Amino acid sequence: MTFGDGEGAGVGFATARGRDWPSVRQFNVFLKNRLGGLFDVVRRFESTDIRIVSLMVIDSSDCAIIRMVLSDPERALEIFHQAKLYVTESDLLVVQLPDGQQPVLQICKALLAAELNIHYAYPLLVGPHGHAALALYVEDHEGAAQTLQQKGFTLFTENDLNAQD
């Protein structure tokens, strides 16, 4: 598989499944900051087979942003729209944590050496195939993906999150 046009052309990506774009969609759900807001969002997946793969809440006095990665983003988006929730999407890199004492440090070093900024990061609740993984929102998605791949890191795709082990 090759990656895109231009600078990344010809760079093979060893994603864990057959999709050639190492990206995972994150949903950013905007809510009033009130009791039961998080419950109202997560309960919508209770009667489905859609798994909440990762979750982060950003809180302020009057609003909250719930960042979510879900196992079936297409169906999840339908659920958000049916519920009339205000939601946006972002592309994340999901990186398998390497073996060793300081796996997050290894990832940070690789991106810092390439002068690539990490805006935020958070762990997956359960990574693909039982592997621990870190979700990254980076300044330059293509450059970060290329750098991590060249350094031997495994990048996961949405297909990996939907796989039933």
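Lys84 is exposed, with a relative accessible area of 74%. This residue belongs to a predicted model. Lys84 sits in the loop between H2 and S4. Its backbone deserves a look. Most residues other than glycine have a negative phi. Lys84 is not a glycine, yet its phi is positive, at about 60°.

A second residue shows this feature. His129 also is not a glycine and has a positive phi of about 60°. His129 lies in the loop between S5 and S6. Its relative accessible area is 28%, so His129 counts as partly exposed.

Now step back to helix H2, which Lys84 follows. H2 covers residues 73–82, and its buried residues are Pro73, Ala76, Leu77, Ile79 and Phe80. How are these buried residues of H2 arranged around its axis? They fall within an arc of 160°, so they line one face of the helix. An α-helix has 3.6 residues a turn, so residues three or four places apart point the same way. The face of H2 turned away from the buried side carries His81 and Gln82, which are exposed.

What do the buried residues of H2 pack against? Their partners are S1, helix H1 (37–42), strand S3 (63–70), S4 and helix H5 (158–162).

A pair of aromatic rings is described by the distance of the centres and the angle of the planes. The model has 5 aromatic pairs, counting rings with centres within 6.5 Å. One of them joins Phe30 and Tyr86. Their centres are 5.2 Å apart and their planes are at 50°, which makes the pair tilted. Phe30 lies in strand S1 (residues 24–32) and Tyr86 in strand S4 (residues 86–96), so the pair ties together parts 56 residues apart in sequence. Phe30 is partly exposed, at 31% relative accessibility. Tyr86, at 54%, counts as exposed.

Next come Tyr120 and Tyr137. Why does this pair count as stacked? The ring centres of Tyr120 and Tyr137 are 5.1 Å apart, and the planes meet at 15°. Planes under 30 degrees apart count as stacked, so this pair qualifies. Tyr120 is in strand S5 (residues 118–123) and Tyr137 in strand S6 (residues 133–138), so the pair links distant parts of the chain, 17 residues apart. Tyr120 is buried, at 17% relative accessibility. Tyr137 is partly exposed, at 29%.

Notes. Residues are numbered from 1 along each chain as its sequence is written. This is a predicted model: local features need pLDDT of at least 70, side-chain atom pairs count only at pLDDT 80 or more; totals for chains, interfaces and linings use all residues. Side-chain values use heavy atoms; hydrogens and water are left out. Rings of Phe, Tyr and Trp (its six-membered ring) pair if their centres lie within 6.5 Å; planes under 30 degrees apart count as stacked, over 60 as edge-to-face and the rest as tilted. Helices (H or I, at least four residues) and strands (E, at least two) are DSSP runs, numbered from the N terminus. Buried means under 20% relative accessible area, exposed over 50%, partly exposed in between (1.4 Å probe, protein chains only). The arc is that of the directions from the helix axis to the C-beta atoms. Contact means heavy atoms within 4.5 Å.
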